[in-house]
Amino acid sequence: MNTTQVHGLMRDGQRFRDITDIQELLYGCSQTLSKFPTTVSQQAIVNPLLKQVSQEAPRAMLTNLTRFHNRYYNGDWGRQSSEFIYTLVRNMFPQVNVTRFQHRFPQASVIARVEGNENNGEIVVVSAHQDSINQQDPQNGRAPGADDDGSDTVAIFEALRVLATSSLKLQRMVELHWYAGEEGGLLGSADVVQAYASKSVIADLHLDMVGVPAQPPAVGIVTDYTDPDASKLVRALASAYTDLPTRDFQCGYACSDHASWHEAGVRSAIPFESQFIDYNTNIHSAQDTLNTVDFTHLLKYVRIALGFVVEVAGCVKAGKSQTELHETLQQKASESMHSHGELVNGVVYGILTVPAEGNTVRLDSNAGCVLTLWTAQLTTDRVSYLRHLNIVSRDGFAHAISRLKLLETAHRFAWVRPEVRSQLFWLLSELVKVSAHGVDQVVLALTRQVRSGDVTQGNVKLCWLMVRFVRENYVWLSTFPVLVATTVYMLGRVALDHSRIPDLRAAECELAVQLLRERFHECCMIGRDLIRMLQDVARIPEFHDLWQDILQRPQSLSPLFAGIEQLLRTPTPPMFLANRITYEMETRLRFILENLPATSYSRNLMWFVQRYLSTPESESLFSDLIRYIIGVFHLSNVVLASNVVPRYVFLSRLLRFIRSPVVAANAKLALFYDWLFYNPKSDITMNIEPGVLIIVQSVDKYTFMTVSFIEFLAYKF
């Protein structure tokens with residue numbers, strides 16, 4: 001038939017199959033499955049998969065599919081819609097092999113392959129057709145095709161999503177087929193079936209219209225052009241995994257793509273949204289819209305499809321029971337320190353990467369491969385992984401905590417995914433509950449990764465995670481004086497950056513003030529930089545009363561606190577000054593100050609400024625960098641005698657990048673802060689040396705700088 005004749009049949013509502021270009025119908029798709037399953041026997045494997053079935057992906061995908069004017073197979077909209085399906089599957093599931101199957105018309109079929117584990121070439125197909133049509137005007141008419149056949153397109157997509165994100169190991173290969181040209185007479189499936197003539201296809205489960213149930217709802221079972229055993233299995237699956245009865249009926253003709261497989265000698269079955277006499281009358285028109293689809297009903301067919309895959313494709317034989325697996329883990333962990341370390345690495349990796357709700361993830365072959373050998377059959381949510389950690393840990397979690405600290409001191413911590421960071425804080429909270437030794441050191445390392453002067457989304461989320469962790473573990477944290485003081489200093493410094501995020505700033509200020517009032521004696525170890533921090537935040541309402549108490553009622557905070565002068569006479573320990581510089585910044589900074597001569601450091605300094613100090617918000621970092629260079633970075637005499645750029649030269653150049661007068665004033669205070677309160681008995685000259693040298697060495701060439709610094713000091717004194 002030509003296109004005009006086909007369109008005429010469509011307008012007249014004739015039921016037909018176009019075999020114009022089909023050679024002799026095939027009977028060559030071999031079946032090697034000697035006994036086809038007709039009953040349900042794999043509930044233990046299927047039920048966990050069904051818990052992952054969700055409306056979210058099908059609804060989003062169908063919303064996009066119905067936005068195409070139509071998905072007519074012989075038009076450009078049909079070509080675009082098939083390309084949309086191909087791209088979506090490829091991008092969503094990079095671990096799945098997805099290909100286009102080209103036809104003599106523009107729309108392509110799409111085939112996604114989930115590899116089997118026995119590599120025997122046997123294939124189980126789950127299929128749907130992707131095209132839609134307006135019966136009165138196939139080429140140009142509006143045809144959203146929400147039910148026919150968008151509902152099945154998204155149903156098998158959801159089945160693929162569950163399979164691809166699970167740890168299920170199937171014996172046979174499973175292919176998901178989205179056929180083109182079904183409305184033109186089963187054209188796409190006919191081409192695919194012919195191409196598969198030499199392949200060993202076990203069965204095809206075809207879905208066509210599953211989104212609009214009849215009343216009362218039921219699963220319709222098509223009994224012509226189908227296989228009795230395959231249909232019997234579908235009835236059993238519907239009974240086991242849905243709350244719907246089944247109703248048998250006949251189409252009376254090859255009503256969908258299952259017929260192509262049936263005529264090729266392959267077992268096929270097709271569950272329908274209702275009996276044929278109750279079918280959705282809005283199909284093939286502009287009224288087949290998204291709002292008519294019942295997603296609760298649609299998902300019941302996803303459940304049937306997943307059950308079909310597991311029963312027919314088969315699963316790799318389950319190994320040991322959970323008790324046996326636990327015993328194996330314990331035995332392996334006790335073999336050697338290396339085995340223990342490998343297992344702990346794998347469990348920690350699993351906790352950090354498995355989604356919180358329980359889907360499993362593939363562990364990288366270099367990060368926990370030993371673990372996967374014995375835990376593949378276990379439920380792999382984060383709680384289960386934590387249970388495994390308790391089983392394999394032989395050192396009070398010391399190795400696990402060392403791995404966490406390695407992660408948190410990594411230079412590229414900022415690149416860690418947000419969900420991994422969330423899992424990290426969850427794990428730390430769980431380790432706090434069991435009083436694991438060393439967690440405080442991990443949290444200390446984390447406080448350095450909270451960047452000052454950074455209001456990007458990733459850093460803001462990290463601040464929220466830190467605030468929530470402190471709230472949830474406040475009593476525990478209060479038992480570690482250094483951690484209390486560090487947390488206060490960190491919260492006070494970053495609160496300055498969050499003026500445009502009032503909820504976060506309020507939470508940070510509330511926690512900082514609470515810790516200061518309840519643990520002021522511990523916080524005094526910060527020394528004079530505590531006053532510098534509090535002076536910066538004193539105008540924030542949450543700090544106002546605290547600041548007044550420090551100035552006027554010091555002993556209300558601690559009986560041992562004599563007043564603000566006590567703090568100003570106490571030098572700030574280097575660990576607090578270093579806390580506001582991330583490990584990555586510290587490495588870059590030390591490279592310049594330890595290796596580059598004064599004649600060639602400028603280029604690296606420019607890079608550093610552009611990388612870390614180029615935004616208005618980041619200018620608050622200038623003071624922290626100056627305090628770090630002055631109070632932490634002290635070179636040996638050997639390096640001082642070399643041609644490496646002196647600290648004062650580096651600082652004088654760094655100061656020239658400051659644009660704001662307020663930031664400039666804070667930077668000068670940071671530079672001369674130790675000089676203002678210098679005590680020969682407790683301070684060290686290395687902390688005042690850069691400021692003195694800048695004044696002296698700038699007199700000839702940069703007189704304005706010397707004058708500026710002297711005026712600043714004169715005003716302060």
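Histidine 129 stands opposite tyrosine 179 in strand 4. Helices (H or I, at least four residues) and strands (E, at least two) are DSSP runs, numbered from the N terminus. This is a predicted model: local features need pLDDT of at least 70, side-chain atom pairs count only at pLDDT 80 or more, and totals for chains, interfaces and linings use all residues. Residues are numbered from 1 along each chain as its sequence is written, and side-chain values use heavy atoms, with hydrogens and water left out.

His129 belongs to strand 3, and the other residues of that strand deserve a look. Strand 3 spans residues 122-129 and is mostly covered, with 8 of its 8 residues buried. Buried means under 20% relative accessible area, exposed over 50%, partly exposed in between (1.4 Å probe, protein chains only). Glu122, Val124, Val126 and Ala128 point one way. Ile123, Val125, Ser127 and His129 point the other way.

Now the partners. Strand 3 pairs with strand 4 (residues 173-179) in the parallel sense, over 7 bridges. Two strands pair if DSSP finds at least two bridges between them. Valine 125 faces glutamate 175 of strand 4. Strand 5 (residues 200-206) also runs parallel to strand 3, joined to it by 6 bridges. There, valine 201 is the bridge partner of isoleucine 123.

Contact means heavy atoms within 4.5 Å.

Helix 2 (residues 43-50) comes next. Val46, Leu49 and Leu50 are buried there. Seen down the helix axis, the buried residues fall within an arc of 100° (taken from the directions from the axis to the C-beta atoms), so they line one face of helix 2. Their cover includes helix 5 (146-164), helix 7 (228-241) and helix 9 (295-313).

Last, confidence. The chain has a mean pLDDT (the predictor's confidence in each residue, from 0 to 100) of 88, and 90% of its residues reach 70 or more. Over residues 358-379 the pLDDT is below 50.
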